[in-house]
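Subject: Structure for your files

Hello,

Here is the structure I said I would pass on. My notes on it follow below.

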Amino acid sequence: MLLVESAPSSSLGSFSAGLIPKAAFWIATASIWLCYIIAVHLGQEPPFPHCWISGTAGHYPTYIIFRLGTISGSTLLILSWLINHFWIRQVSQLANFKVLRFLPQIGLIFGIMGALGLMGSTANIDTGTRNEKWHTTCASIFFIGAGLSSTYNTFVATAMCYYGVISKKDYLPKLILTVLLFIQVYISNHHGTTYGTFATGPLGNDIDHILEYTAAFTILFYIYIIGMDVRKYNLVYEWK
């Protein structure tokens, strides 16, 4: 499989590389909001900001929606970070920019780690008695991994923008979202009762609840930006 701007005539088929990150964004977003709407409508959870994402997903039928959305979304997240890595290396090579000295694979590793954490967290969601420590620890791995991946990817993008590999228009959304992540970490550490997105137990107050939602959507918007970066590229099946 190749990442190219236009499919060669010898290819067996192709599709837009941007579809995978965008699908990850929309599937995860839809599952989170559907779980919230259904759980609040059925009286299973109080309205925002008195509820948290996992709380709305721990009932019937929302746990089914959440599992379908986040486990499939986790796979798409891994593919999104892989596509992003290949895109970084490809545009850098075309610009004769030695991006490997900035170790872009570090962001990829953190991204995969975070997605696997999301899988582990979701696997523990049901309507019965769940292992709360396992669930929230895996959720923390997701937020930490995805946050570090986004931050390091922005660091690499900073170098790429400085040397003219990518435009400021493509770079600024990543920078803004990364700054927002840092602001949320600061608020979490100073005002949250369980360090917000880095909790290993149930979230303790409304600030924690708000931060869980805002951090999740900040990361998802970062994935969507990746989809915009690679929208002009295609994943091509080619027979060798």
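The protein has 7 helices and 3 strands. Starting at the N terminus, these elements come in the order β-β-α-α-α-α-α-α-α-β. Please keep in mind that this is a predicted model.

Some totals for the protein come next. Of its 240 residues, 49% are buried. Among contacts with a separation of 6 or more, 76% join residues 24 or more positions apart.

For helix H1 (residues 19-41) and helix H7 (residues 206-229), the angle is about 155° and the axes lie 7 Å apart. Angles over 145 degrees count as roughly antiparallel, so H1 and H7 are roughly antiparallel to each other. The crossing of H1 with H7 is left-handed.

The residues that meet are as follows:

- From H1: Pro21, Lys22, Ala24, Phe25, Trp26, Ala28, Thr29, Ile32, Trp33 and Tyr36.
- From H7: Tyr213, Phe217, Leu220, Phe221, Ile223, Tyr224, Ile226, Gly227 and Met228.

Sorted by class, this contact between H1 and H7 consists of 16 nonpolar, 2 polar and 1 charged residues.

Regards

Note on methods. Residues are numbered from 1 along each chain as its sequence is written. This is a predicted model: local features need pLDDT of at least 70, side-chain atom pairs count only at pLDDT 80 or more; totals for chains, interfaces and linings use all residues. Side-chain values use heavy atoms; hydrogens and water are left out. Axes are lines fitted to C-alpha atoms, for helices over the stretch in contact, and angles run from 0 to 180 degrees between N-to-C directions. Helices (H or I, at least four residues) and strands (E, at least two) are DSSP runs, numbered from the N terminus. Angles under 35 degrees count as roughly parallel, over 145 as roughly antiparallel, 65 to 115 as roughly perpendicular and the rest as oblique. A crossing is left-handed if the near helix is turned anticlockwise from the far one by less than a right angle, and right-handed if clockwise. Contact means heavy atoms within 4.5 Å. Ala, Val, Leu, Ile, Met, Phe, Trp, Tyr, Cys and Pro count as nonpolar, Asp, Glu, Lys and Arg as charged, and the others, Gly among them, as polar. Buried means under 20% relative accessible area, exposed over 50%, partly exposed in between (1.4 Å probe, protein chains only).
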